[in-house]
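User: I am new to this structure and would like to learn how to read its features one at a time. Please give the general idea first and then the case here.

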Amino acid sequence: YEFIHLDEFLIKDVKTERTKELTNLSRKIPYRCGGSGTLINNTVMDVFSPVRYLEPSLVGGNYKNFFDTHAVTVMALRWG
């Protein structure tokens with residue numbers, strides 16, 4: 001196949017089997033796109049899997065490296 005289109009573009013969590021399989025499949029297909037769906041549901045880290053599916057060179061292949069580079073961790077303080 002030369003083209004793959006994911007309707008709803010539901011590949012968010014790097015740990016799910018769906019995301020893993022679609023990402024592996026996409027590596028063999030030169031033209032990829034995703035339609036509709038919401039790219040960022042919760043945090044900006046939600047962009048990793050869809051962007052890795054579309055163009056892996058933009059985010060790299062390792063979620064931990066992406067997280068360490070782009071995530072801002074906020075710690076809640078308890079008063080009292």
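User: Leaving aside neighbours within four places in sequence, which residues is serine 49 in contact with?

Analyst: Contact means heavy atoms within 4.5 Å. Serine 49 is in contact with Ile11, Lys12, Asp13, Val14 and Thr19, once its neighbours within four places in sequence are left aside. Before going on, note that this is a predicted model, in which local features need pLDDT of at least 70 and side-chain atom pairs count only at pLDDT 80 or more, while totals for chains, interfaces and linings use all residues. Residues are numbered from 1 along each chain as its sequence is written, and side-chain values use heavy atoms, with hydrogens and water left out.

User: Where is serine 49 found, and is serine 49 buried or exposed?

Analyst: Helices (H or I, at least four residues) and strands (E, at least two) are DSSP runs, numbered from the N terminus. Buried means under 20% relative accessible area, exposed means over 50%, and partly exposed is in between (1.4 Å probe, protein chains only). Serine 49 is found in helix 2 and is buried, with a relative accessible area of 0%. A polar atom of the serine 49 side chain lies 3.0 Å from the backbone oxygen of lysine 12.

User: How do I read a pair of aromatic rings, and how many aromatic pairs are there?

Analyst: A pair of aromatic rings is described by the distance of the centres and the angle of the planes. Rings of Phe, Tyr and Trp (its six-membered ring) pair if their centres lie within 6.5 Å; planes under 30 degrees apart count as stacked, over 60 as edge-to-face and the rest as tilted. By this rule there are four aromatic pairs. In one of them, the ring centres of phenylalanine 48 and tyrosine 63 are 5.2 Å apart and the planes stand at 75°, so the pair is edge-to-face. Phenylalanine 48 lies in helix 2 (residues 48–54) and tyrosine 63 in helix 3 (residues 63–70), so this pair ties together parts that are 15 residues apart in sequence.

User: What about charged side chains: how many salt bridges does the structure hold?

Analyst: Side chains of opposite charge can pair when their charged atoms come close. A salt bridge is a side-chain nitrogen of Lys or Arg within 4 Å of a carboxyl oxygen of Asp or Glu. The structure holds two salt bridges. One joins the side chains of lysine 20 and glutamate 17 (3.8 Å, N to O). These two residues are three apart in helix 1, which means a separation of about one helical turn. Lysine 20 is partly exposed, at 36% relative accessibility.

User: Which residue does aspartate 68 meet in a salt bridge?

Analyst: Aspartate 68 meets lysine 64, at 2.7 Å from N to O. Both lie in helix 3, four residues apart, about one turn of the helix. Aspartate 68 counts as partly exposed at 49%, whereas lysine 64 is exposed at 54%.

User: Last, what phi does glutamate 8 have?

Analyst: Most residues other than glycine have a negative phi, and most peptide bonds are trans. Glutamate 8 has a positive phi of about 70° although it is not a glycine. Glutamate 8 is found in the loop between strand 1 (3–7) and helix 1 (17–26) and is partly exposed, with a relative accessible area of 37%. Not counting residues up to four places away in sequence, glutamate 8 touches Gly35, Ser36 and Gly37.

Technical notes
Polar contact = N/O pair within 3.5 Å; in protein donor to acceptor, adjacent residues only side chain to side chain.
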